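Trainee: I have a new structure to look at and would like to learn how to read it. Could you guide me through it?

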Amino acid sequence: MTMSAKDKLFQAILTHYSGNHSGFTALDCADFVPVGRSVISHYLNRLCDDEKLIKERTRPVRFFVNTAQKPAAPERVDKKAQDTFSRLIGSDGSLAQVVSLCRSAVDYPTSGLPVLLAGESGVGKSHLASLIYDYALERGVIATDKPFIELNCADYANNPELLSGTLFGYVRGAFTGADREKHGAFDEADGSFLFLDEVHRLSAENQEKLFLFMDKGYFYRLGDNRTRHPASIRFIFATTENIDTVLLNTFRRRIPVRVTLPNFISRPLTERVAQVEHFLRCEARSLARDILLDASLMHQLVMSPVRGNIGELKNQIKVMCASAWSDSNNPKFIALSSPRPQTGNGETLLISHRDDTSAVDVASLLPKAMRDDVIFNEFCHSGNTFLLNRKLEQLLTTISGVLSQESPYSGYVWQHTMHAINELENLTGLAFNQDLRKAVWLCLNYALHHVNDEARAGELRTITDYVSSKARLLAEECVNLLRQHVVNAPFVLLPPLLGSAFNTLAGDDDLIQGVIVSHGRSTAYSLAGIANQLTGSYIFKAFDMPNATSTREIIDLLINHLDAIKQSAGLIILVDMGSLKEIYEEIKLHLHGELLVINNVSTAMALDIASKIQQRLSMDEIIDSVKGAYEVETRYYAGVLPGNKIIISCISGEGISRKLKDIVRRYLAREEVDIVTMEYDDVKWKIARSDPALNGTRLIITTTDLEAGYIPLLSVEQLIKEKTAVLRRDYFTDLITEDRLEPMIDEVVKLFTVEGVASRLNFLNPVVIIDEVESVIKQYESFYKIHFESYLRINLFMHIALMIERVMVNAGMRNRDETELTGDQKAFVEVHDTFFLALNRKYHIALPLTEVLMIYEIMEPWIVSQPA
């Protein structure tokens, strides 16, 4: 009995994850069955319904094999969320990038990286410096008995020699009064951190001494230029000035990590409220009294600029509490009120000295029109995307700090979001303007940083009941693509919001709705995309299914889809195979409108049906027009007319075929030869029937072996493994010149190496690393005056790319590092460093001898007999 695609997926999961307690995501299963991630997610949810898997609603969603004992899914621990920096207000908001850089500086191997903290007085530079030290203790990179040494350079600004002695120590007789040798701050900070505040007050001479120490790792005491004193010190510098004008360029260049802390009023409102509340709670604990303050005072504290920033704000709050304590003579609680006329609603806030429960609702400090629930309700009623963008941008930048105020529409996640929208355009045939793109981005960021509120989502769904089924399907497609390209999360608020945003673009519902279901990774997607693009309307919804999918599974998927569309409309389903009778009879039970199911879907058929739906023809008219219309037309559909051509087909999908076509086209010697791509199943069908569309075909290139009869057929495996002389003789006689055949094959090798290595690399960019490895291979070829065969190049590409990543995480092989080398091995090792120089520098690695010998052994049959 043939196993279904869902069961195959489950068997693969059992093989890979049955004993894995950390679970897996939909992305981890991408290679188990040849379908898109949305279909995999559908199967995973079905397996959860069958109680074979357990779902943990994290970001991304993780799944666990449900064993007989049914253990609870293990709790995931976010280590970063629990480290020392979590005590810093804004560490997951406006200061997230600052904190990330500080972590990196501490975690960098050996002695870390120097850090320069810039910002106005009172923004929290000293506090951050102490947190960096605490984080280093927490990480175990410095010993627990090593102190945090702090020095304010401004205290010695008028006496550079005294500062030099304080930093480096001095010997007896170094200056008048130096009657004994004395250690300096460098000695105290050895093995720990030295924090130099107001570093711009360092003299040029002392800056030079500092950067020389940072280069050499040793220093001289004042009065002694001969005795070296080695030390290992991690530096933190702070300044309130412009570093480009107050620090020597040579000194500045040696500080790779530079962060700027914003002033208080520039911080998001949520962080300002948290900062004020933190200082009030500290006072409440210190005085062992609860603090009552009116909302008007809180509003003034968080909305008014403070000249001395956080430091001055802390002093203001301390003075207010001290005055209230003094005026009331040992009161039961501390009452704080605003000296100015009240601007709030008269509400009193309680700051308890016993617990950390927040007393302030940030929304209460905002105008009603800026509250998120009001923003979303108004938008879902009006569909005013421009107004939504303006309010959400303010909410996410100046209020919550989710996005940067300087550049809210930029960054890695923004690029991936735009990629998802571009793909949505290709699939639906609709053009998304800049306002819609911004709306998707802003709503996505809101959803990513707020709890999924099912009750609020239900309220929004009720409000947006007016939007078309088309708009709802468009929103569903968009959410699915965001899950694929950005993060796999529930996003319960996005469908009603995006449905409202897309309603005008989607237009009115058609009298008939279309669905294309096809087997393969992207066949339905491609067919629907072409039909939608050429009609300029979202007509067809696409479902790509695994090759082993049964008719039953297709029916189940279509029934789920019917829940999202207007069931009174007619429905046309185009399928590539399956029992039409079974599909028709079961789907009809779930549909109130008319139903038409057509088999053997093709591009011509999809486009024809789409145009008829767009013309708003009735179902009867469409049925009459399609009777007997496709039997003859199908025979000729392929977009390939008889003539002088090369056909390229890939079982993995159209994407690889197009890349192969681009490569062959660049090297083709005869411009009159046409190169076309064709679906793999279509090629098989035409070959089996000796279709006239294949007349004039000079060559068929495929990724798998086929029997093509009289037409020359070349598999990619043959192209890579076969000798170039044989390839030219049997396949490319007058198509590609001899001197261009090898470079073309090299590009094909590189293409399939990138595709193969991408699934095995954990963090390196496969395209970038393959380009870099290619440079190394070419150096070897030049040195040994040979051209490596294709299969050897693939082996080298794969091995070296994975080796670089392995060595970067200190997992390089070392078991043969002590091996005695032969003469040939010694010669190879001597030249190896030259070829890897660029890679070693870029990735900060040094290859162990064992790894070098493994490369040697791969090349050995080719190079040992060659002159060096």
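Trainee: In which helix is Glu477 found?

Mentor: Keep in mind that this model is predicted. Glu477 belongs to helix α18, which covers residues 469–485.

Trainee: Which residues is Glu477 in contact with, beyond its neighbours within four places in sequence?

Mentor: Those are Leu424, Leu427, Tyr538, Lys541 and Ala542. With Lys541 there is also a polar contact, side chain to side chain, of 3.0 Å.

Trainee: Where is Tyr17, and what does Tyr17 contact?

Mentor: Tyr17 is in helix α1, residues 5–17. With 14% relative accessibility, Tyr17 counts as buried. Setting aside neighbours within four places in sequence, the contacts of Tyr17 are Gly23, Phe24, Asp28, Phe32 and Val65. Look at Val65 in particular: Tyr17 and Val65 are separated by 48 residues in sequence, yet their C-alpha atoms are 7.1 Å apart in space.

Trainee: How many disulfides does the structure hold?

Mentor: The structure holds zero disulfides. Take Cys321: the nearest cysteine sulfur belongs to Cys282 and is 10 Å away.

Trainee: Now the whole protein. How many helices and strands are there?

Mentor: The protein has 35 helices and 20 strands. Its C-alpha atoms fill a box of roughly 105 × 85 × 55 Å along the principal axes. Out of 868 residues, 49% count as buried.

Trainee: What do the contacts tell me about separation in sequence?

Mentor: Start with the contacts between residues at least 6 apart in sequence; of these, 72% join residues at least 24 apart.

Trainee: And what about the surface and the charges?

Mentor: The protein exposes about 41,600 Å², with 49% of that supplied by carbon and sulfur atoms. For charge, there are 91 positive and 111 negative ones, and the mean positions of the two sets are 2 Å apart.

Conventions
Residues are numbered from 1 along each chain as its sequence is written. This is a predicted model: local features need pLDDT of at least 70, side-chain atom pairs count only at pLDDT 80 or more; totals for chains, interfaces and linings use all residues. Side-chain values use heavy atoms; hydrogens and water are left out. Helices (H or I, at least four residues) and strands (E, at least two) are DSSP runs, numbered from the N terminus. A polar contact is a pair of N or O atoms within 3.5 Å; within protein, one must be able to donate a hydrogen and the other to accept it, and residues adjacent in sequence count only if both atoms are side-chain atoms. Contact means heavy atoms within 4.5 Å. Buried means under 20% relative accessible area, exposed over 50%, partly exposed in between (1.4 Å probe, protein chains only). Accessible areas come from the Shrake-Rupley method with a 1.4 Å probe; for residues, only the protein chains shown count as cover. Lys and Arg count as positive and Asp and Glu as negative; His and the chain ends are not counted. The place of a charge is taken as NZ of Lys, CZ of Arg, CG of Asp or CD of Glu. A disulfide is a pair of cysteine sulfur atoms within 2.5 Å.
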